[in-house]
Amino acid sequence: MKIAIFGQYYQNDTRPIIRDIFVFFNANNVELVVEKSFLATLIKEEILKKDYQTFTSYKDLDASFDILVSIGGDGTILRAATFVRDSGIPIIGINAGRLGFLATVQKDNIEVFLKLVIEKKYTISERTLLSIESTPQNEQIAELNFAMNEVTVSRKDTTSMITIETYLNDEYLNSYWADGLIISTPTGSTGYSLSCGGPVLTPDVKCFVITPIAPHNLNARPLVITDNTTIKLKVSGREENFLVSLDSRIASINASTVLTIQKTSFQIKMVEIPDETFLKTLRKKLLWGEDKRN
């Protein structure tokens, strides 16, 4: 079995998690290839002493890999997805952070979960992504043009609201007066969109959510649309530029730019371990059922 490992080193309390992962895979004769910067950090922090093969970009990951293990939180998985891209390599997230809906494997009983991985006793959840085109083309977003959680447009150099003229399949929907607008995938529905009042979606539904950020027109509510919809945005305001983010990647866009957002031609495969399903994670992270009356 061949596994790629990507992660982020946070604090001392992640040391046992990282060490347990490497000890387990080495004991089970798994071939490990580690992201170069992550490996350098682990060696510097004396968590690892043995050297490993490394990868530095998506070009180094091919069909010979069975899985990619992401060590960290949900943000780490979003970065891991930029290595996987359209290769079809499944990602499993081991949660070394706090609140995580993607990194579902908890640090307790890691060996039990990793044993299921090497025995391939897991299911695959395919996650829809968003892509964006800009007219005229913007080089900052052209190279890595997909988002697993959301595409967001927001104000940049002003405290004033921006106006986001929105079209669905070329039909006018609304002009949002707001701090910004979130176009969320089902995966991203538990992220920024949820914080702005958007609904929770299960990962397998075929839709997107349009969620305004602090709208001035208070009757503007989050809207669920089918995922075969083409969304077109025209942004205007007092400043010449606004921000576009694809997950954590940000670009500055001229106000004359027209953005077209739609579903990508590929999906990201997420590993689901038995007893660590989306519904269980949702119930646990949002504290559903914690009311003593239940």
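Is phenylalanine 146 buried or exposed, and what is its relative accessible area? Phenylalanine 146 is buried, at 4%; buried means under 20% relative accessible area, exposed over 50%, and partly exposed in between (1.4 Å probe, protein chains only).

1. Basis. This is a predicted model, in which local features need pLDDT of at least 70 and side-chain atom pairs count only at pLDDT 80 or more, while totals for chains, interfaces and linings use all residues. Residues are numbered from 1 along each chain as its sequence is written, and side-chain values use heavy atoms, with hydrogens and water left out.

2. Aromatic pairs. Rings of Phe, Tyr and Trp (its six-membered ring) pair if their centres lie within 6.5 Å; planes under 30 degrees apart count as stacked, over 60 as edge-to-face and the rest as tilted. The count is 6 aromatic pairs. One of them is tilted: phenylalanine 6 and phenylalanine 83, 5.2 Å centre to centre with 55° between the planes. Phenylalanine 6 is in strand E1 (residues 2-7) and phenylalanine 83 in helix H3 (residues 74-84), 77 residues apart. Helices (H or I, at least four residues) and strands (E, at least two) are DSSP runs, numbered from the N terminus. Both phenylalanine 6 and phenylalanine 83 are buried.

3. Edge-to-face pair. Phenylalanine 146 and phenylalanine 266 are 5.6 Å apart centre to centre, with 80° between the planes. Phenylalanine 266 is partly exposed, at 22% relative accessibility.

4. Charge over a ring. This term requires NZ of Lys or CZ of Arg within 6 Å of the ring centre and within 35 degrees of the ring normal. Arginine 249 lies over the face of phenylalanine 146, at 5.6 Å from the ring centre.
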